[in-house]
Amino acid sequence: MALRPVVFSGPSGSGKSTLLGLLFKEFPNEFGFSVSHTTRQPRPGEVGGKHYHFTTVEEMEKEIQHGNFIEHAKFSNNMYGTSKQAVQDVLKNNKICLLDIDEQGVKSIKKTDLDPLCVFIAPPSLKALQNRLNDRGTETAESIERRMATATSALQYSEEKGVYDIIIVNDILEAAYKKLKEFLLQMSFFMELIILMYELIASFFASIVRWLIPVDHKSVSGEVCLITGAGNGIGRLMAIEFAKRRAKVVLWDFDKEGLKETSAMIRELGMDVYSEVCDLSKKDEIKAAAAKVKQEFGEVNILVNNAGVAYCKQLLDLTEHEIENTYKVNVLAHIWTIREFLPSMLERNHGHIVNVASTVGLFASAGMPDYCSSKHAAVGLHNSVFLDLQNAEKYGVKTTLVCPYLIHTGMFNGVHVKYDWILPPINPQDCADIIINAVLTEQNMVAIPGTMYIFHILSTILPTRALIAGYKFVGADKAISYFKPNRPYQVESHAK
Ligand code: ADP
Ligand code: 5GP
């Protein structure tokens with residue numbers, strides 16, 4: 001849905017160009033001018049392609065015959081016209097299209113499906129109009145006479161009911177501009193509001209349709225898919241799932257043995273695999289590993305930022321190194337890998353970035369301040385990158401944010417809530433399946449399980465006292481106290 005174009009009309013000399021000039025100066029990014037064609041000579045200071053496309057009668061007639069004009073008219077012995085291309089040029093830049101056309105043009109354009117808002121700029125009087133045309137010093141006496149002759153007809157036409165949405169008398173320029181601006185802002189506010197309502201309703205129905213009729217899975221066959229933290233847990237399971245779908249998987253982890261095991265599992269599927277020992281807490285290692293991948297495969301199509309660490313200790317018990325390491329692996333590594341592989345995705349407008357965060361990146365849990373805050377940062381990073389891609393209209397570069405609740409992979413060994421049946425830990429394979437489904441159906445976010453969306457909303461709207469009561473009821477306050485270190489770095493950390 002695009003914003004409606006705005007047609008400016010009024011006698012020559014009434015001040016249309018002056019008012020449009022003020023509008024473009026104040027709102028250069030909101031409005032775009034549909035550059036008309038004319039067979040008249042350029043006035044001093046007029047630039048071809050900016051004020052008009054200056055052309056010849058023969059050329060213009062040929063273009064009209066080819067159906068390239070939305071409307072055209074003869075005015076004061078010259079031809080004028082709006083080409084389809086001129087309007088397209090403005091619309092493709094997502095700007096509101098402004099047109100400056102005469103009475104005949106307005107009549108023609110009303111018959112098209114352009115559906116513009118129509119603004120009439122009137123002079124304070126015919127005498128004032130004549131004075132302005134004289135003062136402008138751009139017309140001969142004959143041309144002024146012809147322009148004055150059409151002015152009367154234009155003014156009469158403007159009085160017909162329903163032709164113009166607003167008539168602005170341009171007497172004092174500042175007052176006329178203020179009135180014009182207020183009208184346009186008001187109209188664009190209502191138009192944008194209508195567009196917003198439309199988008200809300202359309203997206204709501206699209207979600208229902210998506211829910212009822214499963215969306216086709218995209219193919220990842222032959223796509224280079226880099227998964228960080230692929231030596232264990234969910235990273236390994238995702239790598240296997242991508243390999244089953246014939247993606248060329250690249251595995252990164254600092255756990256050499258884990259990488260070997262994952263690679264062997266993928267080879268058993270009859271697929272090639274490329275793995276690289278990479279400590280994701282080290283920017284230089286990430287850069288070096290990325291260079292190797294680019295050399296080997298050209299570009300990465302799917303980047304899965306999965307590697308993460310969790311010490312499961314309270315803020316005052318963590319060492320400075322552990323706090324920094326959590327941030328390096330859980331957030332900074334995402335930033336470094338995205339910076340490595342996004343440029344080529346942007347260039348090709350093709351790719352997919354998957355960021356694995358956590359439900360504790362949406363709301364917090366006790367006893368893991370470094371982990372929670374790093375996951376909040378990962379969520380913010382994802383959302384901001386996603387919005388930047390939307391702004392840049394790089395719709396071919398997809399994004400998926402994954403926010404899983406507690407998964408039984410050993411990373412949070414022993415952690416559980418009081419009523420396990422209310423919030424059971426997620427089976428790792430189920431989790432991997434949900435993530436793969438979200439990626440293949442190009443969902444921008446997936447919380448696992450879906451009930452986590454409710455907890456997310458509740459965490460933002462419940463009064464603090466109710467929130468604490470809820471935490472205690474499910475036992476989320478004590479969940480982390482059951483943690484038993486499992487990964488080597490966790491065992492080492494808790495032995496201190
Ligand atoms: P149009 O584009 O409608 O032909 P212009 O914007 O070129 O008209 O205005 C014609 C002349 O009138 C210009 O010299 C302009 O500076 C002058 N002008 C515009 N608005 C006012 C105003 N409110 N008061 C006095 N002069 C004006
Ligand atoms: P000017 O020669 O003063 O620039 O323009 C003369 C008249 O032609 C103005 O009233 C202006 O609105 C009109 N005009 C400019 N471009 C177009 C166009 O593309 N189509 C039509 N119909 N009129 C135009």
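These exercises with worked solutions concern a predicted model.

**Exercise 1. Helix α3**

Task: Identify the buried residues of helix α3, decide how they are placed around the axis, and name the elements they pack against.

Solution: 
- Step 1. Helix α3 spans residues 84–91, and its buried residues are Ala86, Val87 and Val90.
- Step 2. These residues lie on the same side of α3, because they cover an arc of only 95° around the axis.
- Step 3. The packing partners of the buried residues of α3 are the strands β2 (31–33), β5 (69–75), β6 (78–83) and β7 (96–100).

**Exercise 2. The surroundings of ligand 1**

Task: Find how many residues surround ligand 1, which are closest, and where backbone atoms meet ligand 1.

Solution: 
- Step 1. Ligand 1 is surrounded by 14 residues, the closest being Gly13, Ser17, Thr18, Arg136 and Asn170.
- Step 2. Turn to the oxygen atoms of ligand 1. One lies 2.8 Å from a backbone N or O atom of Gly13, and an oxygen atom of ligand 1 also lies 2.8 Å from a backbone N or O atom of Lys16.
- Step 3. A polar backbone atom of Leu173 is 3.3 Å from a nitrogen atom of ligand 1.
- Step 4. On its own, ligand 1 has 560 Å² of accessible area, and the protein covers 75% of it.

**Exercise 3. Salt bridges**

Task: State how many salt bridges the whole structure has, then describe the pairs Glu26 and Lys181, Arg40 and Glu46, and Glu103 and Lys107.

Solution: 
- Step 1. The whole structure holds 23 salt bridges.
- Step 2. In the bridge between Glu26 and Lys181, the closest N and O atoms are 3.0 Å apart. This pair links distant parts of the chain, with Glu26 in helix α1 (residues 16–26) and Lys181 in helix α7 (residues 173–212), 155 residues apart. Glu26 is partly exposed at 39% relative accessibility, and Lys181 is partly exposed at 24%.
- Step 3. Arg40 and Glu46 form a salt bridge of 2.8 Å, N to O. Arg40 is buried, with a relative accessible area of 7%, and Glu46 counts as buried at 19%.
- Step 4. The closest N and O atoms of the bridge between Glu103 and Lys107 are 3.1 Å apart. The two residues are four residues apart in helix α4 (residues 103–110), so about one helical turn separates them. Glu103 counts as buried at 15% relative accessibility, whereas Lys107 is partly exposed at 37%.
- Step 5. Salt bridges with shared partners join Arg40, Arg43, Glu46, Arg136, Glu139 and Arg147 into one network.

Definitions and conventions
Residues are numbered from 1 along each chain as its sequence is written. Chains are lettered from A and ligands numbered from 1 in the order in which they are written. This is a predicted model: local features need pLDDT of at least 70, side-chain atom pairs count only at pLDDT 80 or more; totals for chains, interfaces and linings use all residues. Side-chain values use heavy atoms; hydrogens and water are left out. Buried means under 20% relative accessible area, exposed over 50%, partly exposed in between (1.4 Å probe, protein chains only). The arc is that of the directions from the helix axis to the C-beta atoms. Contact means heavy atoms within 4.5 Å. A residue is near a molecule or strand if one of its heavy atoms lies within 4 Å of it. A polar contact is a pair of N or O atoms within 3.5 Å; within protein, one must be able to donate a hydrogen and the other to accept it, and residues adjacent in sequence count only if both atoms are side-chain atoms. Accessible areas come from the Shrake-Rupley method with a 1.4 Å probe; for residues, only the protein chains shown count as cover. A salt bridge is a side-chain nitrogen of Lys or Arg within 4 Å of a carboxyl oxygen of Asp or Glu.
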